Amino acid sequence: PNRFVFIATYGHGKSHFAVAMANYFGKAANTLELKGVLASIKHALQDAPLYGFFDDFKRNKKPFLILILRGDEPSDLQTKFFRAVEDALRLDSESHKIQAPFWYSDAERFVKALMSETDERRENANVFLGRYQLDLDLLLDRIAAQEASTYEITRELCAHLNHFTPDFGTGLSLKEGVEWLANNLVGEEKPYGGVLILFDEFSSFVWDYALSIRHRPGAPLQDLLNGVESMRG
């Protein structure tokens, strides 16, 4: 009930419809974008009771977080999803201070692996962390608590030890990502009324899903849809 597919040949308005959906669900009630969409809905329906549903929904529901996943951009689904979350939160003036903690799983794995290495490596790491009044044990505790401040510290530690700066936003469960958004950002006294995920050129995601079954571990598209299903409503 919360997954919809719109199919039409090129030039029939799918992307335009997606823009209208993004504005309807994502904009606040007093914005010009929403007023334009509601005016178009009213003109198309010519049915006052049915139009009232769309109008009431916006009056009584907070704007949604809009995630746009484009199939014509080169990258894997996980990267696109977490990048879309970061972009949406950054562009939204109401939530620009929110930092989604999706990086913590990979950061935690990195620190745990480091703690099992040689005494020399651990000592080197602890000396580096001393400038932040941290050691490996305390850093691990703060990562487990998803403290956003430890993201850059952990990346700098990796750069210090391994001479490269990692992106800890990869390799995470998309299902967990959707669930975190729903549990932490949606609801009363939270910034959003829901999450809308828009796939453009969805066939490319299906094609990549088919290839991933044969050539790559996991099934990220199914993982994402499982998250959508688990947080329905």
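**Terms and values**

Modeller: E189 is exposed, with a relative accessible area of 83%. The model is a predicted one, in which local features need pLDDT of at least 70, side-chain atom pairs count only at pLDDT 80 or more, and totals for chains, interfaces and linings use all residues. Residues are numbered from 1 along each chain as its sequence is written, and side-chain values use heavy atoms, with hydrogens and water left out.

Biologist: Why is E189 called exposed?

Modeller: Exposed means over 50% relative accessible area, buried under 20%, and partly exposed in between, with a 1.4 Å probe and protein chains only. E189 has 83%, so the term exposed applies. This residue is found in the loop between α9 and β2 (195-200), and its phi is near 60 degrees, a positive value in a residue other than glycine. Helices (H or I, at least four residues) and strands (E, at least two) are DSSP runs, numbered from the N terminus.

Biologist: What makes H163 exposed?

Modeller: H163 has a relative accessible area of 68%, and is therefore exposed, the limit being over 50%. H163 lies in the loop between α8 and α9 (174-185). Its phi is near 65 degrees, also positive in a residue other than glycine.

Biologist: Which residues of α6 and α8 meet?

Modeller: Contact means heavy atoms within 4.5 Å. R121, N124, A125, F128 and L129 in α6 meet I153, E156, L157, H160, L161 and N162 in α8. The contact residues divide into six nonpolar, three polar and two charged.

Biologist: How do you know that the span of α4 is close to the expected one?

Modeller: The expected span is 1.5 Å times one less than the number of residues. Helix α4 (residues 77-91) has 15 residues and reaches 21 Å from first C-alpha to last, close to the 21 Å expected. Among its buried residues are L77, F81 and A88.

Terms used. Ala, Val, Leu, Ile, Met, Phe, Trp, Tyr, Cys and Pro count as nonpolar, Asp, Glu, Lys and Arg as charged, and the others, Gly among them, as polar.
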